[in-house]
Amino acid sequence: MASFVLLAVCCALFIYKAYKYMFFKPPNCPPGPPRIPVFGSYLIMLLINYKHLQRSIDWLCQYYKTNILSLYMGDFLTVVANDSDSVREVMINTKLDGRPDLPLSQLRNASSVTKGIFFTMGLYWRDQRRYTLRHLRDFGLGRRFNELELDIEAETRQLIEIIKSGPKYAHEKELFDNKMVLCPNIFYPITANSFLKILCNERIPRESQSEIFRAAKTGYGFLKHADSFGRLFSFLPWVAKVFPNLSSYTKLRKLSMSQYDFMKKLIDEQYETYDENHERHFLDVYFKEMKASQRNKHYKHADFSYEQLIITCLDFYQPASVLSPMTIAFYLRLLILNPHVKKRIQNEIDDVVGRSRLPNLDDRNKLHYTEASIREAFRYETLIPNGIPRLALEPTQLSQYDIPKNCVVMTGLRGAHLDSKRWPDANKFQPERFLDNEGKLNLKKDHSVPFGAGKRLCAGETHARNVMFLTVSAILQNFDISVPDESKLHRESDFLTGLISIVPNFFVKFDTR
Ligand code: HEM
């Protein structure tokens, strides 16, 4: 009898503990699914939609009738803001300006210690970001800079020439198929070189661009195989050790190291010809800082080490060379599917710019509809559906909920961009939504946040928008774009979601206008 009672008590205790583990959350936490032992709610998300975790979030939000969801990733409490208001609230709350130090970000570094800007936080991040932006700006990042604009124009002319005359070098052959051109790959050189010009005052010439293509492919590989929650090994690090291949750890590390080696080689080449009396570009400014005998008193917490330089440069080069071509590909696909929008843009460019010269940045605020269509594309196809994770540095609040310290907070940018409270007909591609009654661009109507907001706002937003505008307006001025069979154009269900949303490569017909 006594052993029976003991067994019953043990069972009751076990059931109580299991129940508490699965359903217990800190007080006043947003609603969300239970925590499965070991995996937390990640397994549930995979079961709902393992290909597109953002869709799992949407499903769970609907199920729990909430726009702010809580989940456990392994043992880590994670809150997802998934509508326009809550996403904005997260972004401007400085108590949520941290980043979780995930193994996914550690594996980008040779030393496996998180460096750079993207994934660091606190004073280290603040000073590193300030210093880097301050000096990249000197060489043209995010502002009008004649020398850079001339170089981008030269790149654009070369892009047009390549599209018109076809491949010349072995690495260009894969870009063409029976006069059709491969997207986004054709845009790798212009976007990469537009940033390299700022970084090291050089552009990789056409004959040597195979290295740009190789680096872009590894960049995409990383973004495809990673996910916005950091993959299972980020919250269960033993998974990477026990199942290095199955967990994709080995592949992600290899891809990261290939990117790392690309940047290291580029930096080393510049260092070989470094002359402290002759400042050529951003890297020279940084080399000088690395050699300085005293700490920079304005950026006391910044780290001027070799490894930090490599990762910081990658933090800029990777989005410039990988995210920008992908946004251009999404945009062109949308225009092919919406020929009336394409026609209206081409008419506007013909009226404002004509055909005798390429569009430039002075034209940008005159090409209202063109600019509105680019903004609408950024909203309609959210490139980073779950944003980049934030970390609560202190206890804080999100809407009516309490967010404890060290809680991971995700910004559901796609949820914000498809929020029907904010966007009437959110699922329609309508550039007009950003125009006023006179057809002029009205920025007050643009509540989209594709580049984030607040202190962690994308450090390359202006550069990305400028390069995107210059590239697509030149393409539409010079070419009519189409595909032979629109029914074969990738549907949304063909898109891949890793850390970003990816439209698989597709061939486009460029007819000279
Ligand atoms: C082309 C489209 C791009 C999109 C949609 C995009 C979007 C974003 C987003 C959503 C974030 C995170 C913001 C947050 O945490 O709230 C971010 C961060 C960042 N982006 Fe971009 N980005 C793009 C291009 C670029 C380019 C071209 C560069 C560099 C030239 C760049 C550099 C960065 C950096 C360094 C950060 C980290 C900022 C920090 O954590 O302090 N991005 N970007």
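Asp425 is placed in the loop between H17 and H18, where helices (H or I, at least four residues) and strands (E, at least two) are DSSP runs numbered from the N terminus. Its phi is near 50 degrees, a positive value in a residue other than glycine. Asp425 counts as exposed because 9 C-beta neighbours lie inside 10 Å; a residue is exposed if 12 or fewer other C-beta atoms lie within 10 Å of its own, buried if 20 or more do, and partly exposed in between, with C-beta atoms placed from the backbone.

The model is predicted: local features need pLDDT of at least 70, side-chain atom pairs count only at pLDDT 80 or more, and totals for chains, interfaces and linings use all residues. Residues are numbered from 1 along each chain as its sequence is written. The protein chain averages a pLDDT (the predictor's confidence in each residue, from 0 to 100) of 94, and 99% of the residues score at least 70. The ipTM is 0.99 and the pTM is 0.95.

The protein chain contains 18 helices and 12 strands. Its C-alpha atoms fill a box of roughly 95 × 60 × 40 Å along the principal axes. The radius of gyration is 24 Å, which agrees with the value near 24 Å for a compact globule of 513 residues; the radius is taken over C-alpha atoms, and the globule rule is 2.2 Å times the number of residues to the power 0.38. Of the 513 residues, 45% count as buried. Two residues are in contact if their C-beta atoms, placed from the backbone, lie within 7 Å. Among contacts between residues at least 6 apart in sequence, 73% join residues at least 24 apart.

The ligand is surrounded by 25 residues, the closest being Pro319, Gly452, Cys458, Ala459 and Gly460; a residue is near a molecule if its C-beta atom, placed from the backbone, lies within 6 Å of it. Helix H14 (306–337) and helix H18 (461–478) are the elements that give two or more residues to this shell. The largest share, 7 residues, comes from H14. By residue class, the shell divides into 16 nonpolar, 6 polar and 3 charged residues. Here Ala, Val, Leu, Ile, Met, Phe, Trp, Tyr, Cys and Pro count as nonpolar, Asp, Glu, Lys and Arg as charged, and the others, Gly among them, as polar.

Cys458 also lies in the loop between H17 and H18. An unreviewed UniProt entry covers Cys458 with the annotation "binding site"; such annotations may be inferred rather than shown by experiment. Cys458 is partly exposed, with 18 other C-beta atoms within 10 Å. Leaving aside neighbours within four places in sequence, Cys458 is in contact with Phe451 and Gly452.

In helix H3 (residues 53–63), the buried residues are Leu53, Gln54, Ser56, Ile57, Asp58, Leu60 and Cys61. Their cover includes helix H2 (42–49), strand S1 (68–73), strand S2 (76–81), helix H17 (413–417) and strand S10 (496–497). H3 is followed by Lys65, whose phi is positive, near 50 degrees.

Asn201 counts as partly exposed, with 19 C-beta neighbours inside 10 Å.
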